[in-house]
Structure formats: C-alpha cells, structure tokens
Amino acid sequence: MEAQSSSELLLSRKRRREGSNGETEEGERLGKIPRCTVGLKHPAPFADELEPADGKPYARVSMEEAKRGTSSERPVRVYADGIFDVFHSGHARALMQAKCLFPNTHLIVGVCSDDLTHKFKGFTVMNEDERYDAVRHCRYVDEVVRNAPWTLTPEFLAKHRIDFVAHDDIPYSSAGSDDVYKHIKEAGMFAPTQRTEGISTSDIITRIVRDYDVYVRRNLQRGYTAKELNVSFINEKKYHLQERVDKVKRKVRDVEEKSKEFVQRVEEKSIDLIQKWEEKSREFIGNFLQMFGPEGALKHMLKEGKGRMLQAISPRQSPSSSPTREERSPSPTFRLPFFTKTSPPPSPPPHHSGARGYLISEDDDDEDDDDDDDEN
C-alpha cells in the first residue's frame, strides 16, 4: 500500500512539457513530496514459480471498472512486454506508467528470450538471464514472465488472466505484421503509455559505437586484455601509444594552466606593488613640497630666522636728546641683544665705531675720566 501511495503522489505531479527549445515550462512543477520509506526488500517473482491461480473462471475487468477501482482481492492485471536490453530509465518510466494506470494494479512484465529477440529484432548486449534479472529488480514490477511470446495470443492472455496490455501507442511492425498490438487494440484491452524521449537502448549503443576507441582504451587501462576486447595486436599498440600521447598532452596542458596562473598572480602582485609605489611616491612628493617648496615650511623658517638675526645685529638709532654722563647710571658690561634677553642699551655716540660700540664697560668710563683730567 505504501508503494501504491507513493506512485499516486508521483503521478499527481504534472508532466514536464518541453517546448520547441527543450526548456521546461514554468509553473509545471509542484511542491516536494513527503519523506517515506517505500522500497521493497525482495525482487519480483517469476510467473512460473508462483502457485497456480484459484479455480475461478477468467473474467476480464472493463475499463470503467478498472478506473473506478477494484477490491484488493481482485487487482487489475496489466501486462507489459519488451526486450529490456541495457535496462535504463526509459524502461523504468514505461513500467511506472503501466503500474499507475489504475488505482489497484498488478503489473506483469514479459521479457522475450534471446532466440526470439535475435530472430525478430537483432543481437542484444545482455543475455536473457541478465535481462530477466534486471526487470525483476525494478520496483514497479509485481511478476515477471520469462520467454514471453512475440505476439500475444488469446491462450496466453487467459493463462495469465490479463485484463489490459500496456505499451506506447506507436504501431510496432514486426513478424510480418504492421502492428503486433492491432488485435489487442481492437479488443479494447490496450492501455497506451508514453515513451521517454532522448533515451533508448539504441541511443546508448550508438554512443558506445561512436566513441569506440575511447571505450577500448578505457577498458585496456582497467586491465582487460586485447583478446577479451577483440582487439588486434597492432590496434592494441596503437591505443597504448595514443594513451601515452594523451598523458603528455595532459601534462603539457597542466603546465600551461599552472604557468598561466603563476603569471596572473605575478601580474596581480606587480599591479599591487605599482599602486603602492605610486601612493608612497605621491605622499613623499607632497611632503617634500610641503617642506621645501616655494611656500614650504623651510622658507617660512628661514625668513623668520633671517628677520630675527637682522633685528639682533643691526644697531638702533640714538635718540635726539641723549642723557649726560652724570645722568647715566654705571652698570656692568652690556652684551649684544642676541646674547641676552634684556632690552638693548641706547645707541652709542656717533664718534664710536667698530667693535667698541658693541661692548661698553666700566673701564671705558674710567679712561674717559682720565682723559678729561689731563685736558684740564
């Protein structure tokens, strides 16, 4: 029941409708489904291993009854057949659609044998036992019929009590018939399903054939021998040589990428260094101009110092009425203004000149007094 409810949740989602450009239309996806454990623990049984059905006569279920839903004791028995070579998601989706055709479905899957397949369709990658086992491990399958017939007969349908046959609606011409399901459709027992575009056994084989050399080299690297791969001695050596050449190319490519990364890092660092150097040089030039420029601090300092020196060195003008000698008060030696912080003395008389005018002491006063006495 849990598996059936999960299938109903999956079917409740709207199908993706692809436009001409292959893009999924917006608004088609619904919300996420709730978490639940619906995995099965055992593979589906084979039909010939099951107990025989009860003695009740075989009576088909109509399409209307099947859509309304049947009792749990009488599920709708749906049959789907195929080759199922290289079992892929397209096969699984087709079986899921067949399983979810009706509310209560028992899905029977028929797998054709190697003899029939090779006769009517062609050679297969997997043998019949591998294909049987792949199908019975699909979660949607309830029963597997081995060695299924290529064309369904009334006896086969009655033996397995089949109500409906599920397959895509494209006419399947084979075994001298334009459509092997024509009589099933006419009997009203056909239930169509949709093919999954872009995936099929033929597509997968085409990819392998197209890239044959790549896969041969891959398997040789994994330890398969040339004999196992049906490869000649010359081709084996050729593939080994190609592998060595590719290794050298990969190494060269890696070195080129690393060198490009290194050059890029060096360029980034050089750009950073240049930017920092420019910033520091602008800062240095600005500081230099601020100090030594035409209006820099050094010029103002020199002007101010020069003015102070000129003011200190140049003598001041004597006043018009100088005091007499008696009015002068004797004082100790007076020094130049720039050697002391006291106010400068009055200017000396005009007849004094030279260095004597810069230093006036008591000895000079005494000499002047002696000269006056001699004259008297």
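Predicted model: local features only at pLDDT ≥ 70, side-chain atom pairs only at ≥ 80, totals over all residues.
**Strand β4**
- β4 takes in residues 164-168, and five of its five residues are buried.
- Phe164, Ala166 and Asp168 point one way from the strand, while Val165 and His167 point the other way.
- Whichever way they point, these residues are all buried.
- On to β5 (residues 190-193): four bridges join this strand to β4, and the two run parallel.
- Histidine 167 has proline 192 in β5 as its bridge partner.

**The whole sheet**
- The sheet is open and has five strands, ordered β3-β2-β1-β4-β5, with parallel pairing.
- β3 (143-146) and β5 are the edge strands with a single partner strand each, so one side of each has no neighbour in the sheet.
- Ignoring direction, neighbouring strands here are turned by 30° against each other on average.

**The β2/β3 end**
- β2 (residues 105-111) runs parallel to β3, and four bridges join them.
- Here valine 109 has valine 144 in β3 as its bridge partner.

**Helices across the sheet**
- α3 (residues 89-99) lies across β1, β2, β4 and β5, and runs at about 145° to β2.
- α5 (residues 128-136) lies across β2 and β3, with an angle of about 165° to β2.

Key. Residues numbered from 1 in each chain as written. Heavy atoms only, no water. Buried < 20%, exposed > 50% of the residue type's maximum accessible area, 1.4 Å probe, protein only. Pairing = 2+ DSSP bridges. Axes fitted to C-alpha atoms, helices over the stretch in contact; angles between N-to-C directions. Contact = heavy atoms within 4.5 Å.
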